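This report covers the aromatic pairs of the structure below, then the helices, strands and domains around them.

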Amino acid sequence: MDFPLPDNEAERLAAVRAYDVYGTDPEAGFDDLTDLAALIASAPIAMVNIVGDTKIWLKSRHGVPPGIEEVPRSGVCCAHALCRSDMLVVPDTHADDRFKALPFIATEPFFRFYAGMPLIDSGGHALGTLCILDLAPRELAFEAAEGIRRLARQTIAQLELRLRMAEVLRSQQELAAEKQRADSLLLNILPLKVAAELAEKGSVEPRHHPSTTILFTDFVDFTKSAVELSPRELVDDLDMYFSEFDNIVARHGLEKLKTIGDSYMCAGGLMQGRKDHAIRSCLAALEIRRFVVASNQRWAAIGQRPWHLRVGLHTGSVMSGVVGRKKFTYDVWGDAVNIAARMESTDEADQVNISESTYQHVRSYFDCTPRGALDVKNKGKMTMYFLDRLKPEYAADAAGVEANEHLRKTLAGTSVTWSLHG
């Protein structure tokens with residue numbers, strides 16, 4: 001090591017890293033201070049230097065060629081000024097054994113005068129120097145020296161302001177990221193418009209929906225599956241199914257409401273005010289059934305027990321709202337919810353059971369099998385239908401699960417493409 005080190009060099013270097021200024025581009029605030037230092041001292045050259053472990057970064061400079069941005073720490077007087085608590089003044093560098101052999105002093109441009117004030121922050125760390133140089137030996141007048149000291153304090157203030165601004169920016173970014181995480185979490189449990197109203201007003205006004213379609217799913221003999229599988233296997237299987245149900249429901253513009261055990265509940269027509277919610281709900285039900293049946297084929301291929309599904313739908317009016325204070329829950333209430341649940345409970349495995357009301361909304365577009373009037377708990381006899389598939393003229397696939405362009409345009413009522421994604 002051919003240059004002196006401050007006693008707190010390790011802490012000093014840590015402080016330089018924390019300020020994150022070494023190697024940064026010029027900034028007007030520092031350039032102004034450097035120009036002012038040259039003016040006060042009547043010197044041709046002035047610099048604000050940030051001192052790293054082995055090199056020095058010229059943060060701002062006056063009278064220095066633009067190609068010079070970094071110099072070795074061992075080759076400049078600033079390495080010595082950094083170890084002081086006050087200004088280092090060298091009237092004639094050629095007469096000082098410490099400096100006379102250094103580059104730029106023994107060679108072009110032959111600096112003969114140096115004065116450097118250490119930039120010491122509020123933690124006692126010398127981050128660098130504010131220095132002036134001249135090509136001829138000279139003295140530094142008292143008034144000029146005091147001016148340089150004051151400018152050094154202003155430079156430190158500028159550095160600390162820069163650090164605080166960076167900390168504020170990081171805090172803002174962290175808060176923004178935290179808010180985004182909170183908003184995303186809120187959107188996972190609440191519809192977009194409901195979440196926005198809750199964030200804005202702190203509460204959500206209950207709503208009446210004159211026409212919605214409620215969809216329930218439930219796995220057959222779930223209790224038996226729960227006994228046969230380990231807790232990890234059971235949770236993983238449910239997560240696999242419900243995650244795909246989430247994708248399907250979102251793709252068809254429905255709102256997921258909740259899961260209870262092995263039951264999944266969603267609704268169409270709550271937020272968007274669409275008149276095609278029954279059709280979208282039926283398309284989602286067929287796609288959910290297709291996914292479960294395909295999964296069962298994979299389970300059978302590896303000798304595992306299949307998961308058979310019941311799906312029930314009913315179209316009617318409901319009330320919706322948010323309940324709870326610490327754990328918000330968006331839910332719907334009304335007879336339509338109870339009837340949809342009964343459609344699911346009276347369904348058969350791997351079928352989609354719809355009520356008379358839903359059938360009347362979708363019968364022009366889907367093939368259905370009448371089941372007649374069946375006894376329903378607390379409801380008496382109710383007419384039901386198995387939802388089989390889309391009618392061939394509206395299907396994009398042989399199974400009648402995916403809507404074709406004809407159905408999309410028919411539902412749009414124009415030549416504009418009807419989208420299942422919005």
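A search of the whole structure, which is a predicted model, finds 12 aromatic pairs. Two of these pairs are set out in the table.

| Pair | Distance of ring centres | Angle of planes | Class |
|---|---|---|---|
| Phe-242 and Phe-245 | 5.9 Å | 50 degrees | tilted |
| Tyr-359 and Tyr-385 | 3.8 Å | 10 degrees | stacked |

Phe-242 and Phe-245 both belong to helix 7, where they are 3 residues apart, about one turn of the helix. An α-helix has 3.6 residues a turn, so residues three or four places apart point the same way. Phe-242 has a relative accessible area of 10% and is therefore buried, the cut-off being under 20%. Phe-245, at 0% relative accessibility, also counts as buried.

The rings of Tyr-359 and Tyr-385 count as stacked because their planes are at 10 degrees, and the cut-off for stacking is under 30 degrees. This pair links distant parts of the chain: Tyr-359 is in helix 10 (residues 356-362) and Tyr-385 in strand 14 (residues 380-390), 26 residues apart. Both Tyr-359 and Tyr-385 are buried.

One aromatic cluster is formed by Phe-219, Phe-222, Tyr-241, Phe-242, Phe-245, Tyr-264, Phe-291 and Trp-307. Two members of the cluster, Phe-222 and Trp-307, are also in contact with Leu-234, as are Ala-226 and Leu-229, leaving aside neighbours within four places in sequence. Leu-234 lies in helix 7 (residues 231-251) and is buried, with a relative accessible area of 15%. From Leu-234 to Gly-268 the C-alpha separation is 29 Å, at 34 residues apart in sequence.

Strand 8 (residues 255-260) and strand 9 (residues 263-268) run antiparallel and are joined by 5 bridges. Lys-256 stands opposite Cys-266 in strand 9. The hairpin of the two strands has 2 residues between them, and there Gly-261 takes a positive phi near 60 degrees.

A ring also takes part in an interaction with a charge: the charged end of Arg-138 sits over the ring of Phe-113, 5.0 Å from its centre.

The domain assignment gives domain 1 (8-168) and domain 2 (204-414). The centres of domain 1 and domain 2, taken over C-alpha atoms, are 73 Å apart.

In helix 1 (residues 9-19), the buried residues are Glu-9, Arg-12, Leu-13, Ala-15, Val-16 and Tyr-19. Seen down the axis of helix 1, the buried residues fall within an arc of 155 degrees, so they line one face of the helix. Ala-10 and Arg-17, on the other side of helix 1, are exposed. Asp-20, which follows helix 1, has a positive phi near 50 degrees.

How values were computed:
Residues numbered from 1 in each chain as written. Predicted model: local features only at pLDDT ≥ 70, side-chain atom pairs only at ≥ 80, totals over all residues. Heavy atoms only, no water. Buried < 20%, exposed > 50% of the residue type's maximum accessible area, 1.4 Å probe, protein only. Helix = DSSP H or I, 4+ residues; strand = E, 2+ residues; numbered from the N terminus. Arc of directions from axis to C-beta. Domains from an automatic or database assignment. Pairing = 2+ DSSP bridges. Contact = heavy atoms within 4.5 Å. Phe/Tyr/Trp six-rings, centres within 6.5 Å; stacked < 30°, edge-to-face > 60°. Lys NZ or Arg CZ within 6 Å of the ring centre and 35° of its normal.
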